Amino acid sequence: MTLSALEDVDDAIDATRSFLWPFDLGRWLKLAVVVFFLGGTGTVNPVQFSGGTPPTGSPGEPGQLPSYSEIVNSLTPTEWAIVGAIVGAVLLLGLVLGLVGAVMEFVFVESLRRERVSIREYWGDRWRQGARLFGFRLVVGLLSLAVAGGAVVAALWPLFTGGQFSVAVLLLAIGV
């Protein structure tokens with residue numbers, strides 16, 4: 001008795017070998033470009049970069065760091081514009097990379113389907129589908145962020161208004 005799942009895995013391995021071998025540098029480089037954009041984006045935990053121990057002493061002493069409110073209040077409008085431009089550039093770069101990644105998913109599948117890698121040709125054929133996929137992901141992501149953010153704000157609202165804080169509501173928000 002043969003297992004059809006194992007036969008399918010064997011077929012997939014054979015198809016992968018025939019696609020990648022014999023070695024062709026141009027094909028491998030094109031695949032590397034496509035797969036680079038399929039990798040997605042990663043996040044960095046900012047807590048892991050809090051190097052060293054915080055300075056001790058009272059505010060105003062030479063070794064003491066200023067508080068966040070002191071930093072925010074000391075920024076000039078020009079500095080706020082620079083911060084806004086940097087944030088906007090990072091968001092724009094993320095959106096562009098997300099769009100390119102969505103289109104490259106179609107380029108990758110088309111390359112596997114036709115057993116030939118051609119980024120420009122497949123991009124021209126599939127960029128509309130990639131743009132729709134990116135738009136769908138963007139809308140779903142924003143809606144999810146709104147729901148999760150709304151739940152967290154609702155749970156933490158009493159802390160901002162001086163009301164009664166509820167751990168049960170916070171646990172519900174974490175679940176959302």
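1. Start with Phe-36: this residue counts as exposed because its relative accessibility is 61% (exposed means over 50% relative accessible area, buried under 20%, partly exposed in between, with a 1.4 Å probe and protein chains only). Phe-37 is partly exposed, at 24%.

2. A quick word on the model: it is predicted, so local features need pLDDT of at least 70 and side-chain atom pairs count only at pLDDT 80 or more, while totals for chains, interfaces and linings use all residues. Residues are numbered from 1 along each chain as its sequence is written, and side-chain values use heavy atoms, leaving out hydrogens and water.

3. Now the rings. The structure holds four aromatic pairs (Phe, Tyr and Trp rings, six-membered for Trp, with centres within 6.5 Å; planes under 30 degrees apart are stacked, over 60 edge-to-face, the rest tilted). One of them joins Trp-21 and Phe-23, a tilted pair with 6.4 Å between centres and 40° between planes. Phe-36 and Phe-37 sit 5.1 Å apart, centre to centre, with planes at 80°, so that pair is edge-to-face.

4. Which residues do ring pairs link into a cluster? Trp-21, Phe-23 and Trp-28. Trp-21 lies in the loop between α1 and α2 (25-38) (helices are DSSP runs of H or I, at least four residues; strands are E runs of at least two, and numbering goes from the N terminus). Trp-21 is partly exposed, at 48%, and Phe-23 is also partly exposed, at 48%.

5. Over to helix α1 (residues 4-20), where you'll find Glu-7. Glu-7 is partly exposed, with a relative accessible area of 38%.
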